[in-house]
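Subject: Structure handover

Hello,

Please find the structure below. My notes on it follow.

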Amino acid sequence: MELGMIGLGRMGANMAQRLQRGGVTVTGFDPGEQARARVLDNGIAAVESLQALVQALPTPRVLWLMVPSKVVDATLDALLPLLSPQDVVIDGGNSWYRDSLRRAERCAGQQVGFVDCGTSGGVWGLKEGYCLMIGGDAAVVTRLSPLFRALAPAEDRGWAHVGPVGAGHFSKMVHNGIEYGMMQAYAEGFALMQKKADFNLDLAQVAEVWRHGSVVRSWLLDLSADALKSNPGLAGIAPYVEDSGEGRWTVSEAIELDVPAPVITLSLLERLRSREDNSFTDRMLAAMRNEFGGHAIRSSGEGQ
C-alpha cells in the first residue's frame with residue numbers, strides 16, 4: 001500500500017517509520033521544513049505541499065492526518081478540493097468524536113471516505129507498536145487493514161474496528177479519561193510514600209517491586225519506575241500538569257449520559273488545580289478560617 005502522512009511531528013514521523021518498516025510506502029508532508037528533513041533522514045519521502053502529496057499518491061488515495069485537533073478542519077479545507085471520489089482520509093489524532101461525525105459527513109458529500117482512528121502509544125509506539133481504535137465503514141476499514149496491522153504491536157492484537165464513524169475517537173476519549181484517573185492514583189500514592197520520612201522509602205525500588213506480580217502493575221507504572229530511577233526527587237519538574245482535552249470531553253459525556261465518573265472528574269480538576277501559582281481558592285479558605293475560628297493566616301511567601 002501507499003499512504004500520505006500529513007503531520008510529521010513526534011507521532012506522525014514515528015508512525016511513518018513503522019509503516020515503512022511494515023511494507024507500506026509512505027510519503028509525508030509537514031509545513032515545517034525541519035520536520036520534513038527529519039523524515040528524509042530516515043529514508044521517507046517528504047514533499048513541500050499538500051498538492052504535491054496528493055499528486056504523488058496513486059488513486060484511490062489514502063491520507064492519514066496526525067495533526068492537532070484544532071487544525072484538522074483547516075487541513076481538510078485545504079485537502080478536500082484536491083481529492084477524488086473513493087479517496088480516504090484517516091484522522092489519527094485526538095479529535096472529539098462529535099467533530100469526527102461532522103467531518104465524516106462533510107467528506108461523504110465529496111464521496112471521500114473518512115475513518116477516525118484513536119491512536120495510543122506515544123513516543124514508544126515506534127518500538128512497541130500503537131494501540132488503534134478504529135471507527136468507520138467496515139468495507140473501508142477492511143481495505144485499510146494492512147496499515148493497521150503494520151502499526152499495531154502485532155498483526156492480530158492491539159487494533160480493532162470498534163464501530164461506525166465516531167466510535168474510534170469516542171473509545172480513545174474514554175481511554176484517556178481512564179488514563180487521567182490511573183495517573184492521579186499513582187501520583188498520590190507515591191506522594192504519600194515520599195512524605196513518610198520515618199521510613200525513608202526508595203520510591204524507585206518500590207515502583208520496581210510493584211512492576212512484578214502486583215495487581216497494580218501497568219505500563220504507566222513501568223514509566224513511573226524509569227522516571228524515579230533517573231530522577232528520584234523529580235528535580236527540575238514544575239508542578240504544572242497540562243491536559244489535551246480528552247479528559248474534559250470524557251467528563252462532559254459522563255454528565256450528559258448520567259454516568260457517575262468521580263475519579264476521572266477529580267483527576268481532571270487536579271490538573272487544573274496544578275496550574276494555580278497563587279490560588280485565590282486557597283487564600284479564600286484561609287481567610288474564612290481566620291474569620292470564624294481566629295486561625296492564624298500565613299503571610300504571602302511565609303513557609304515557602
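Ser120 is buried, with a relative accessible area of 17% (buried means under 20% relative accessible area, exposed over 50%, partly exposed in between, with a 1.4 Å probe and protein chains only). Ser120 belongs to strand S6; strands (E, at least two residues) and helices (H or I, at least four) are DSSP runs, numbered from the N terminus. The side chain of Ser120 makes a polar contact of 3.4 Å with the side chain of His175. A polar contact is a pair of N or O atoms within 3.5 Å; within protein, one must be able to donate a hydrogen and the other to accept it, and residues adjacent in sequence count only if both atoms are side-chain atoms. Leaving out residues up to four places away in sequence, Ser120 touches Tyr130, Cys131, Met133, Lys172 and His175, where contact means heavy atoms within 4.5 Å.

On provenance: this is a predicted model, in which local features need pLDDT of at least 70 and side-chain atom pairs count only at pLDDT 80 or more, while totals for chains, interfaces and linings use all residues. Residues are numbered from 1 along each chain as its sequence is written, and side-chain values use heavy atoms, with hydrogens and water left out.

The sheet

Eight strands form an open sheet with mixed pairing, in the order S3-S2-S1-S4-S5-S6-S7-S8; two strands pair if DSSP finds at least two bridges between them. Strand S3 (45–47) and strand S8 (159–163) are at the edges with a single partner strand each, so one side of each has no neighbour in the sheet. From one strand to the next, the twist averages 25°. For this and the helix angles below, axes are lines fitted to C-alpha atoms, for helices over the stretch in contact, and angles run from 0 to 180 degrees between N-to-C directions.

S4 (residues 62–65) runs parallel to S1 (residues 2–6), and three bridges join the two. Met5 has Trp64 as its bridge partner in S4, and Gly4 stands opposite Leu63. With S5, S4 also runs parallel, through four bridges; there the bridge partner of Leu65 is Asp91. S4 is covered on both faces, with Val62 and Trp64 buried on one side and Leu63 and Leu65 buried on the other.

Helices on the sheet

Helix H4 (residues 72–79) lies across S1, S4 and strand S5 (88–91), at about 155° to S4. S4, H4 and S5 make a right-handed β-α-β unit: with the strands pointing away from the viewer, the path from the first strand over the helix to the second runs clockwise. Helix H5 (residues 97–108) lies across S5 and strand S6 (113–120), at about 150° to S6.

Cores

The largest nonpolar core has 32 residues, and Met5, Leu19, Trp64, Ile90, Leu144 and Phe148 have the most contacts inside it. A nonpolar core here is a set of buried Ala, Val, Leu, Ile, Met, Phe, Trp, Tyr and Cys residues joined through side-chain atoms within 4.5 Å. A second, separate core has 20 residues, including Phe29, Leu53, Val67 and Leu80. Apart from residues up to four places away in sequence, Leu144 touches Met1, Val62, Val88, Ile90 and Val115.

Thr250

Thr250 lies in helix H12 (residues 246–256) and counts as buried because its relative accessibility is 8%. A polar atom of the Thr250 side chain is 2.8 Å from the backbone oxygen of Met173. Neighbours within four places in sequence aside, Thr250 is in contact with Met173, Val174, Gly177 and Ile264.

Backbone points to check in your viewer

- The peptide bond from Thr59 to Pro60 is cis, with omega near -10°; Pro60 lies in the loop between helix H3 (50–56) and S4.
- Gln86, in the loop between H4 and S5, has phi near 85°, a positive value in a residue other than glycine.
- Asn200 also has a positive phi, near 45°, and is a residue other than glycine. Asn200 sits in the loop between helix H9 (167–195) and helix H10 (203–210) and is exposed, with a relative accessible area of 67%.

Regards
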